[in-house]
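Please view the structure first.

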Amino acid sequence: QLAESGGGLVQPGGFLRLSCAHSAFDLDDYNIGWFRQAPGKEREEVACITERIGIGWYANSDMGRYTISNDAAKKTVDLEIKRVTVEDAGIYYCAAQQRALIDGGRTCPQLTSANTHWGRGTPVTVSS
């Protein structure tokens with residue numbers, strides 16, 4: 001099971017930390033990622049992580065505003081967003097897919113794979 005937390009209302013320029021509890025999906029075997037679905041748009045990759053040492057992949061560099069990390073003690077994968085903008089708004093989903101089943105050696109779980117497990121999402125609203 002995957003459970004997201006940390007969403008809510010944040011002001012432009014603020015800081016956001018989202019957490020994905022992933023106790024049923026060990027990073028030894030699974031890649032875990034954060035995805036965002038903005039209003040009226042398709043769900044898209046934001047950042048993903050593979051292996052316990054926490055090799056991160058980001059959909060775009062965006063001036064280093066995003067940081068994905070693994071907290072092994074809490075068994076969470078966290079996403080930090082600095083200098084939040086209105087483009088960061090949407091529902092954030094956590095996903096996990098068994099690494100051996102991900103096509104092409106990608107880091108991110110595949111959006112359309114039946115083998116990808118999803119959380120219920122946490123909404124983020126950006127407003128002053």
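Lysine 82 sits in the loop between β8 and β9. The model is predicted. Is lysine 82 buried or partly exposed? Its relative accessibility is 36%, so lysine 82 counts as partly exposed.

Which residues does lysine 82 touch, leaving aside neighbours within four places in sequence? The contacts are Gly14, Phe15 and Arg65. Alanine 38 is 44 residues away from lysine 82 along the chain. The C-alpha atoms of lysine 82 and alanine 38 are separated by 18 Å.

## The four-stranded sheet

Four strands make up an open sheet. Their order is β1-β3-β8-β7, and the pairing is antiparallel. β1 and β7 are the edge strands, each pairing on one side only. On average, neighbouring strands of this sheet are turned by 20° against each other, direction ignored.

Strand β1 covers residues 3-5, and strand β3 covers residues 16-21. These two strands pair in the antiparallel sense over three bridges. Within this pairing, glutamate 4 has cysteine 20 of β3 as its bridge partner. How many bridges join β3 and β8? There are six, again in the antiparallel sense, with β8 spanning residues 76-81. Here serine 19 stands opposite aspartate 78 of β8.

Side chains of opposite charge can pair when their charged atoms come close. The whole structure holds five salt bridges. One of them joins glutamate 80 and arginine 17. The closest N and O atoms of this pair are 2.6 Å apart.

Glutamate 80 has 19% relative accessibility, so it counts as buried, the cut-off being under 20%. Arginine 17 has 44% relative accessibility and counts as partly exposed.

## Arginine 106 and glutamate 45

Another salt bridge brings together the side chains of arginine 106 and glutamate 45. The N to O distance is 2.4 Å. Where do the partners lie? Arginine 106 is in the loop between β9 (90-98) and β10 (117-118). Glutamate 45 is in strand β5, residues 43-50. The pair links distant parts of the chain, 61 residues apart. With a relative accessible area of 39%, arginine 106 is partly exposed.

Arginine 65 forms a salt bridge with aspartate 88. Their closest N and O atoms are 2.8 Å apart. Arginine 65 lies in the loop between β6 (55-58) and β7 (66-71), and aspartate 88 in the loop between β8 and β9, so the pair ties together parts 23 residues apart in sequence. Are these two residues buried or exposed? Arginine 65 is buried, and aspartate 88 is buried too.

Lysine 82 and aspartate 88 are both placed in the loop between β8 and β9.

Technical notes
Residues are numbered from 1 along each chain as its sequence is written. This is a predicted model: local features need pLDDT of at least 70, side-chain atom pairs count only at pLDDT 80 or more; totals for chains, interfaces and linings use all residues. Side-chain values use heavy atoms; hydrogens and water are left out. Two strands pair if DSSP finds at least two bridges between them. A salt bridge is a side-chain nitrogen of Lys or Arg within 4 Å of a carboxyl oxygen of Asp or Glu. Buried means under 20% relative accessible area, exposed over 50%, partly exposed in between (1.4 Å probe, protein chains only). Axes are lines fitted to C-alpha atoms, for helices over the stretch in contact, and angles run from 0 to 180 degrees between N-to-C directions. Contact means heavy atoms within 4.5 Å.
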